Amino acid sequence: MLADQHGHVMHLFERDCSVQRRHQKVIEFAPSLTLSEQRRQEICNAAVELMKSVDYQNAGTVEFLVTDSDFYFIEVNPRVQVEHTVTEMITDIDIVQTQIKIAAGQDLFSEIGLPRQEELTMHGSAIQCRITTEDPENNFLPDTGKIETYRSPGGFGVRLDGGNAYAGATVTPFFDSLLVKACVQARTFKDAVKKMTRVLNEFQIRGVKTNIGFMLKVLAHPIFYTGQAHTTFIDDTKELFIPEKELNTSNMLLKYVGDITVNGYPGMQRHKKVYFPEPQLDTSLITGQPHKNAKTVLKTSGASAVVDWIKQQPNLLLTDTTMRDAHQSLFATRMRTKDMEPVIAAYDQAFPDIFSAEVWGGATFDVAYRFLHEDPWERLKLMNKKMPNTLLQMLFRGSNAVGYKNYPDNVLQEFITESAQQGVDVFRIFDSLNWVDQMEKSIQYVRDAGKIVEGTMCYTGDLLSPNEDKYDLNYFVSLAKDLVSAGAQIVAVKDMAGLLKPNAAYELISALKNEIDVPIHLHTHDTTGNGVATYLQATRAGVDIVDVASSALSGTTSQPSMTSLYYGLTGNERQPKLDVTAAEAVDRYWAGVKPFYKDFMKNSDSVQTDIYQTGMPGGQYSNLQQQAKALGVSDFEEVKKMYRTVNGLLGNIIKVTPSSKVVGDLALFMIQNKLNADNILERGQELDFPQSVVDFFAGDIGQPVGGFPPALQKVVLKGIKPLTVRPGSLAKPIDFEAIQKELAEVIKRQPSRLEVLSYVLYPDVFKEYEQSAKQYGAVYHLDTPTFYQGMRSGETAEISFGHGQSIIIKLDSVSKPDDVGNRTLFFSVNGETSRILIKDQNSASSSVTVPKAEPTNPEHIGATLSGSVLELMVENGQKVNQGDELVVTEAMKMETTIKAPFDGTIKHTYVKKGDLLETGDLLLEISQDKQKGDREMPEM
């Protein structure tokens, strides 16, 4: 409404403010799409008569509530409202300027020059969205912090009424959260919706949360799009509040790069950045064409037909471990999918005669989540898509799946079923103690899925030795028969420490070929240097398949070289079919990739023949050295000697993850506590043994060959009753629907079936991965040197997101730490400046800062919004019950009472009354009360 001092009153039509959340306006538009022309005239005329009746002067707004049958007066706002912009855009009248002129006494028509009421018309439709720092995922509480990037849209019909939003601005908890009003005008309402959608998408605001994503969902909803939204539309439309994964942005990647640049990659020693030429795969040398092979047979005739096909092959078959066990053994499983992609794309052409490529399982599953910020399922899907003519193989730890503890049977079944659907063709199933009971269920689930199952026996001991009284030839032959009876279609011999000597391989494979009628697949590590010789003898004995790696990633703790074995069998009728030119082209690519991972390659550059004495798996050799150093044990020869002693005390057990960890942990424990074989039974009565040792003797990882040494078991368990049956048989089935609901609450969106499965296997690891993905986005696109080493001042890097999509980033400078240890990194992104704030974890800051609550730790109680502490209602050591009030905080006149999420005890308070807070500050820690019940299965 506009009314002057000369008795003139006029309306500027209506605007629709029905789109509200909890009675607060969210999106406004003009004109309304729900009013008939008659109803519009009735409302506007009523408003004019009302204002005349009170002799109103100035600009103002009359509010009405409209139903299907009538309309009702609510109130008058005697001022210019926030949403006045849409009225200005459809009427071409400057309301703010007009209000000032009215106050100066000017006449609406003769002096200000407005058209008279009957001449006033509307032009198209206009929409306004209020962009605020309200966080939809935190109940729309205002976010605070420094705006790192602010870029706004523009164009025809676009208007921005801004506040103090600019790069570098600090949003405090003491002022309104509005950043900018975005307004658009178009010929029709639907055109205006499209234009506003474009405008919101073009905003780039980083450093603080905004409500832009929420408003985009409102705009896209069919009810809003037709202009039919009522006042309860938002509150009643629950799907609007389901958050979606945030789109990856350059700023998210810059935060990761900045963090690695300032603080380094976890577990890596800081050093001057090393630059390597980008490896290239010469695909011109790869000319092979897919033809009938094991994958073809599986597709057309099924798993049993593959077994028959293997038996008919005169040539030795090969499994390539380069993309799984090779890099797991050489550099701690740290190879990224990005570095595998060129080989994945050319694999079918390079190796059309390969039996299988081992690409998944083992440690690759959790390491992808923990350290590579990758989804392992996505890696498998990519390989399945790009390698359709190659059998994909995985390593499966029996009842432990790809974890380190026993899982219920329905988890094993679900994991195997999903893995098979996503692309795994061959499952190598093993148990760390060769206990067939632990493998039987998994073997059956693979058969049910229609895939190929290798029942595996882990090799240890020395079957050539006349003193070998446990793991002799009869033991392995008997074990192989048990595996076949359990359903194994192939028997795999897993020589994880490289203990299988060449002549022993000949004896073992010969015996197995004579006693069982299934193919034999031999796996060894070249730690002791006899790998190729072992394979030559096994080939002579009739082994069907052996594991090899590309030469650049072969040898020592990895597998023997693929091409070395090929040349070693020159003149032998069983020489494998291999395009050496293509294999060596691929190998040159791997040789270019290998230097990227030099920081993870420790103690794996030479042959270690003392493994024959210790029986220690190659992967454990280097890890145990680091453990010993960390505990102050500098003499590793002493550790190796004790390792042999412990193995004897435990009854000479199979040593592979997790049983090998038991031996290593107990060896270090005995050295530290000055124990030996003579005094451990006596002194052990007073000592608490490492958890892995307790778990072993409690039967939590299975039953060893020959049983447990009873005297030592009694000393270690101290009254705990050990299991005598398969642990998985006692575990309750997982309720996947309940877990899905639980995970949805954690990640604030509906998880996929694969995500639920990952959460069941590794709940904490998956939550940390989700948090990382939310914070950093798709770090997958970073080149590997930048991923592991960050950037240096003046360095430029190109990040490619796909064909024709890339950004060029340059690190211009890094500031010194401020008073609280924060550094500002100045980047250029495609020529535009971005600033990123990173906490320097190594900075000696003079200020004491409040620690942040760890989102995945339920015992951490964090501030839900920035503000201050009004009242702290508990103290250290106090017992609390679920729902008890702990802290009252305040921000912008909003009080929030934080309550105890469970029964427990206050471990520590970090704040006091009056303290200023930032979102996520750690307020206090609560130690959760343990629930009474059965003994839990520990992680191993």
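**Note on the predicted model**

1. Thr905 stands opposite Ser927 in strand S36. Strand S34 covers residues 904-909 and strand S36 covers residues 922-928. The two run antiparallel and are joined by 5 bridges.

2. The sheet around this pair is open and has 4 strands. Their order is S29-S36-S34-S31, with antiparallel pairing. Which strands stand at the edges? They are S29 (860-862) and S31 (879-880). Each has a single partner strand, so one side of each is left without a neighbour in the sheet.

3. Now the overall picture. The protein has 940 residues, and buried residues make up 56% of them. It holds 32 helices and 36 strands. The C-alpha trace spans about 120 × 70 × 55 Å along its principal axes. The accessible surface comes to about 40,700 Å², with 48% of it belonging to carbon and sulfur atoms. Take the contacts between residues at least 6 apart in sequence: 70% of these join residues at least 24 apart.

4. Aromatic pairs number 42 in the structure. One of them is formed by Tyr369 and Phe766. Its geometry is edge-to-face, at 5.6 Å centre to centre and 90 degrees between the planes. Tyr369 sits in helix H13 (residues 364-370) and Phe766 in helix H31 (residues 763-776), so the pair ties together parts that are 397 residues apart in sequence. Are these two residues buried or exposed? Tyr369 is buried, and Phe766 is too.

5. Tyr369 and Phe766 also belong to a cluster linked by ring pairs.

6. Glu414 deserves a look. This residue is found in helix H15 (residues 409-422). What does Glu414 contact, leaving aside its neighbours within four places in sequence? The partners are Phe736, Arg753 and Leu757.

7. On the surface, Leu65, Tyr72 and Ile74 form a nonpolar patch. Together they have about 290 Å² of accessible area. Leu65 lies in strand S6 (residues 61-66). Leu65 counts as partly exposed because its relative accessibility is 43%, and that class runs between the buried limit of 20% and the exposed limit of 50%.

Definitions and conventions
Residues are numbered from 1 along each chain as its sequence is written. This is a predicted model: local features need pLDDT of at least 70, side-chain atom pairs count only at pLDDT 80 or more; totals for chains, interfaces and linings use all residues. Side-chain values use heavy atoms; hydrogens and water are left out. Patches are made of residues with over 30% relative accessible area and no salt bridge: like charges are joined within 9 Å, nonpolar side chains (Val, Leu, Ile, Met, Phe, Trp, Tyr) within 5 Å. Accessible areas come from the Shrake-Rupley method with a 1.4 Å probe; for residues, only the protein chains shown count as cover. A salt bridge is a side-chain nitrogen of Lys or Arg within 4 Å of a carboxyl oxygen of Asp or Glu. Buried means under 20% relative accessible area, exposed over 50%, partly exposed in between (1.4 Å probe, protein chains only). Two strands pair if DSSP finds at least two bridges between them. Contact means heavy atoms within 4.5 Å. Rings of Phe, Tyr and Trp (its six-membered ring) pair if their centres lie within 6.5 Å; planes under 30 degrees apart count as stacked, over 60 as edge-to-face and the rest as tilted.
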